[in-house]
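Please look at the sequence and the model first, then read on.

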Amino acid sequence: MNGGWALYVALGCGVDSATALQAGLRDRDCSAIADERVRDQCLVELLQCDGIAGERARAECAFRDAEATGSAARCADAGDWVDDCRMHLWTASFATWAPKAAAPGHADELAARELARFGFSPDDPRPWSAWYRWLLGRSRPLDRAACRTISDPQRAEACLKTGLAYYDDLLNMARDRKLYPCDGSPLPAVLQYTPDPELDALRARRSDLCP
């Protein structure tokens, strides 16, 4: 199914509207589409946000435009998705500016300077949690001890809690893919971690890991 017909099904359009939508997308000109809702969706697909009539469609277009351009400033027009937009771009930006060998606490000042570009307050825990999850997710074995080197107590706590949540997600993945060693054999590489009583306790609580 091509993009136009996918939109036709999603929007519940009539054949005439679907045909006009396909033509608008092909010609990059949505002006001939009579149905305002379909015309707006055409403009969203083409990222021609200025001509959109509907508020929700304008917000969606701003979000998509921000994704396409990497411009966090466009997130300001993303309506109910402003925070989601900023978080998405924030997380995607790590690969462009974070040092390759960064660990929690080692590049936090750089991260703090970057926060402002995405419209976050330095004391907002959400971008910090995303930052630490990214850093911890790159380490094998998982080493939450690095969080304790962070000088800011709130950030250190965010890092430690993020590490727990991240490992919980890894356990979910291992359970669903039947990777958890229920026979008592060593943990697979993806689940290994440095000595950590809290992670030991988390594993012990997870009675759902083995049938």
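Helix axes here are lines fitted to C-alpha atoms over the stretch in contact, and the angles run from 0 to 180 degrees between N-to-C directions. Helices (H or I, at least four residues) are DSSP runs numbered from the N terminus.

## Basis of the model

This is a predicted model, in which local features need pLDDT of at least 70 and side-chain atom pairs count only at pLDDT 80 or more, while totals for chains, interfaces and linings use all residues. Residues are numbered from 1 along each chain as its sequence is written, and side-chain values use heavy atoms, with hydrogens and water left out.

## Helices H8 and H9

The axes of H8 and H9 cross at roughly 35 degrees and come within 11 Å. Their crossing is right-handed; a crossing has this hand if the near helix is turned clockwise from the far one by less than a right angle, and is left-handed if anticlockwise. H8 contributes Leu164, Tyr167, Asp168 and Leu171 to the contact, and H9 contributes Glu198, Leu199, Leu202 and Arg203. Contact means heavy atoms within 4.5 Å.

By class, the residues of this contact are 5 nonpolar, no polar and 3 charged. Ala, Val, Leu, Ile, Met, Phe, Trp, Tyr, Cys and Pro count as nonpolar, Asp, Glu, Lys and Arg as charged, and the others, Gly among them, as polar.

Leu199 is part of helix H9, which covers residues 197-205. With a relative accessible area of 0%, Leu199 is buried; the term means under 20% relative accessible area, whereas exposed means over 50% and partly exposed lies in between (1.4 Å probe, protein chains only). Leaving aside residues up to four places away in sequence, Leu199 touches Leu142, Arg144, Leu164, Tyr167 and Tyr193. Between the C-alpha atoms of Leu199 and Arg117 there are 34 Å, and the two residues are 82 apart along the chain.

Tyr180 sits in the loop between helix H8 (153-176) and H9. Its relative accessibility is 15%, so Tyr180 counts as buried. Residues up to four places away in sequence again aside, Tyr180 touches Leu171, Ala174, Leu187, Leu191, Arg203, Leu209 and Cys210. Tyr180 and Arg86 are 94 residues apart along the chain, and their C-alpha atoms are separated by 35 Å.

## Helices H6 and H7

Helix H6 (residues 108-115) packs against helix H7 (residues 125-137) at an angle of about 135 degrees, and the axes are 11 Å apart. H6 and H7 are therefore oblique to each other; angles under 35 degrees count as roughly parallel, over 145 as roughly antiparallel, 65 to 115 as roughly perpendicular and the rest as oblique. The crossing of H6 past H7 is right-handed.

On the H6 side the contact is made by Asp108, Ala111, Ala112 and Leu115, and on the H7 side by Pro127, Trp128, Trp131 and Tyr132. The residues of this contact comprise 7 nonpolar, no polar and 1 charged.

## Aromatic rings

A pair of aromatic rings is described by the distance of the centres and the angle of the planes. Rings of Phe, Tyr and Trp (its six-membered ring) pair if their centres lie within 6.5 Å; planes under 30 degrees apart count as stacked, over 60 as edge-to-face and the rest as tilted. The whole structure holds 11 aromatic pairs. One of them is the tilted pair of Trp90 and Trp97, at 5.7 Å centre to centre with 40 degrees between the planes. Trp90 counts as buried because its relative accessibility is 0%, and Trp97 counts as buried at 14%.

Phe94 and Trp97 make an edge-to-face pair, 5.8 Å centre to centre and 90 degrees between the planes. Phe94 and Trp97 are 3 residues apart in helix H5 (residues 82-97), so about one helical turn separates them. Phe94 is buried, as is Trp97. Ring pairs join Trp90, Phe94, Trp97, Phe118, Phe120, Trp131 and Trp134 into a cluster.

## Backbone features in the loops

The peptide bond from Arg140 to Pro141 is cis, with omega near -5 degrees. Pro141 is in the loop between H7 and H8.

Two residues other than glycine have positive phi. Arg28 has phi near 55 degrees and belongs to the loop between helix H2 (15-27) and helix H3 (36-46). Leu47, with a positive phi of about 60 degrees, is in the loop between H3 and helix H4 (55-69). With a relative accessible area of 30%, Leu47 is partly exposed.
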